[in-house]
Amino acid sequence: MNAQRTLIAILALGVMTPAWQVRAGDMEIELIPELDLFGNQIEVIQGYQWGGEMALAFGIYDTGASVLTLSAIDRAFFEFNGSPVPIRVPGGAQADAVDGIVVGDVSMPMTFWVDGMRAVDFNWSSVTWEMEYAYDLSGGVTVSGVQVFVGTDGGSPQLPNIAGTPIHLGSLANTPQAPAAKIDMLGYELDLGAFFSDDPFLGPLFQGIVMYLPDVSFVASGLRLAGVPGETTDPVRIPLSLWGSTNHPEPGDDVTVAPNPLQSLVALQEDLATVADAVFLFDTGASVSVISTALAEQLGLDLTSPETTIDIVGAAGTPVTVPGFTVDSLSVPIDSDFDGNNDGVLRFLNSPVFVLDLVEDLDGILGMNLWNPAKDMLYDPFDPLGPSLQATFLTAAREIPSDEDTQLLQDLASLDPMFGQLLGIQSGPLSFPRFEMQGRSDQGVIPEPAGLTILLLSGGMLATLVRRRHLRCAMKCQGPR
């Protein structure tokens, strides 16, 4: 075992064949089903302000979510600390989940703030064996006058905290510019040895282990990614379209909504069967990629004999078993010259997908597992050439992490739920409260995801600690069976 072991999320760099090739304007990314069944969600810090204080919660940045949400458990915590969330329409927020109906409240207009994990400073107390947090609220995106989907104990107990697409209706700190989201897939460095350096037991155990997790920063629209010679591919641009409408800044008695990004020229191949012009949602809130039953049948997949299955727990709390397969390829068009014209395809080889019917007219989801080999991504709904996703990919090869490293991460996750949530290590069925706005088909899918700890912040910055067991809703919890 090397003295220095560097883990990339739960993936490791190694000595397998390169993951990418370029062929006459096309780019091929070879996925590894054992590594790329699941992907990482983008953890964020999100704030809710309806008065003099800002209440903070951990959540996810979710391009598949057309609303902003607050979980029932975090709502209760705000109330416990003397700051109840003002409600405009009790029971006025309703959605269809995979396994039932989700009902919540519509908040009064408030200011919503979000930033990446860079805004958080974690510390470990070797005395209490608990984590402590401090926050820097100087960056990020702010959108005012929004009405939030607020979870309730009776109607939506598993609703997570989501920073959905309405955040792109806001502005960057101290500027009027519209925000794009730049995701550095290795952007958040967690040196576990340094983190536990004052702990005589944990310090030596995790010495030399460095975790790199995704981090998001918000930048001005129009930015172009650049590759790093010897480290990444050149950037490619994937054109998108926006699905749905917005009711901001006058949502009436409804929750605030905004459009979601689609790619309508997705192609899949399995053996001799091909499907073209499929409509997929680009969804940073989904840890897996999804295809519809109709698409699976067109590809000749035998749904009675899946290669793997996972259990999904929807927002209503009932497990649903979903079949999984590896298809030969999944392709999206690219504009490699950044001139506004499609001049090639980005082809993911050996692509893991799960079969689940979502909403009408949506054939599938481009989930985060596809982007495990990526270095940087940039989602820009206001790109001058049209809504787009840019991406660069690591040129180093990858390998499956050793059993020893994996066991250390599992041991770490057992010490504190927060670590398990950050690393995506959990036991039990997957939690996947995916839903669409009932009665509003143009709002599309609101995918799931993570609720972590939450704080009430006064005065801008505060170091404090809140520990509470709260299941992560990342689709990483249960592997093949």
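These are my notebook entries on a predicted model of one chain.

**Ground rules**

I number residues from 1 along each chain as its sequence is written, and side-chain values use heavy atoms, with hydrogens and water left out. Because the model is predicted, local features need pLDDT of at least 70 and side-chain atom pairs count only at pLDDT 80 or more, while totals for chains, interfaces and linings use all residues.

**Entry 1: the whole chain**

I looked up the secondary structure and found 7 helices and 34 strands. Helices (H or I, at least four residues) and strands (E, at least two) are DSSP runs, numbered from the N terminus. Next I checked burial. Of the 481 residues in the chain, 58% are buried. Buried means under 20% relative accessible area, exposed over 50%, and partly exposed in between (1.4 Å probe, protein chains only). The accessible surface comes to about 17400 Å², and carbon and sulfur atoms hold 51% of that. These areas come from the Shrake-Rupley method with a 1.4 Å probe; for residues, only the protein chains shown count as cover. I then turned to contacts, meaning heavy atoms within 4.5 Å. Among contacts with a separation of 6 or more, 74% are between residues 24 or more positions apart.

**Entry 2: the cores**

Which residues have the most contacts inside the largest nonpolar core? I found I291, L330, L346, W371 and M377, in a core of 62 residues. Strand β25 (residues 319–334) gives the most to this core, with 5 residues. Another core lies apart from it, with 23 residues, among them M54, L56, M117 and V120. A nonpolar core here is a set of buried Ala, Val, Leu, Ile, Met, Phe, Trp, Tyr and Cys residues joined through side-chain atoms within 4.5 Å. In soluble globular proteins, nonpolar side chains tend to be buried together.

I went back to M377. Leaving aside neighbours within four places in sequence, M377 touches residues including A181, I183, M185, L225, F282, W371 and L389.

**Entry 3: aromatic rings**

I counted 12 aromatic pairs. Rings of Phe, Tyr and Trp (its six-membered ring) pair if their centres lie within 6.5 Å; planes under 30 degrees apart count as stacked, over 60 as edge-to-face and the rest as tilted. One of the pairs is Y48 with F112, edge-to-face at 5.3 Å centre to centre and 90° between the planes. Y48 sits in strand β5 (residues 42–49) and F112 in strand β10 (residues 110–116), so the pair ties together parts that are 64 residues apart in sequence. Both Y48 and F112 are buried. I also noted a cluster: ring pairs link F282, F348, W371, Y379 and F393.

Most residues other than glycine have a negative phi, and most peptide bonds are trans. I looked for exceptions. The peptide bond from H248 to P249 is cis, with omega near 15°. P249 lies in the loop between β20 (241–243) and β21 (260–270).

D271 has a positive phi of about 55°. D271 is in the loop between β21 and β22 (273–282), and is exposed at 54% relative accessible area. D277 also has a positive phi, near 55°. D277 belongs to strand β22 and is exposed at 52%.

**Entry 4: a surface patch**

Where is F201? I placed F201 in the loop between α3 (192–195) and α4 (202–205). F201 is exposed, with a relative accessible area of 53%. With W129 and L205, F201 makes a nonpolar surface patch of about 290 Å². Patches are made of residues with over 30% relative accessible area and no salt bridge: like charges are joined within 9 Å, nonpolar side chains (Val, Leu, Ile, Met, Phe, Trp, Tyr) within 5 Å. A salt bridge is a side-chain nitrogen of Lys or Arg within 4 Å of a carboxyl oxygen of Asp or Glu.
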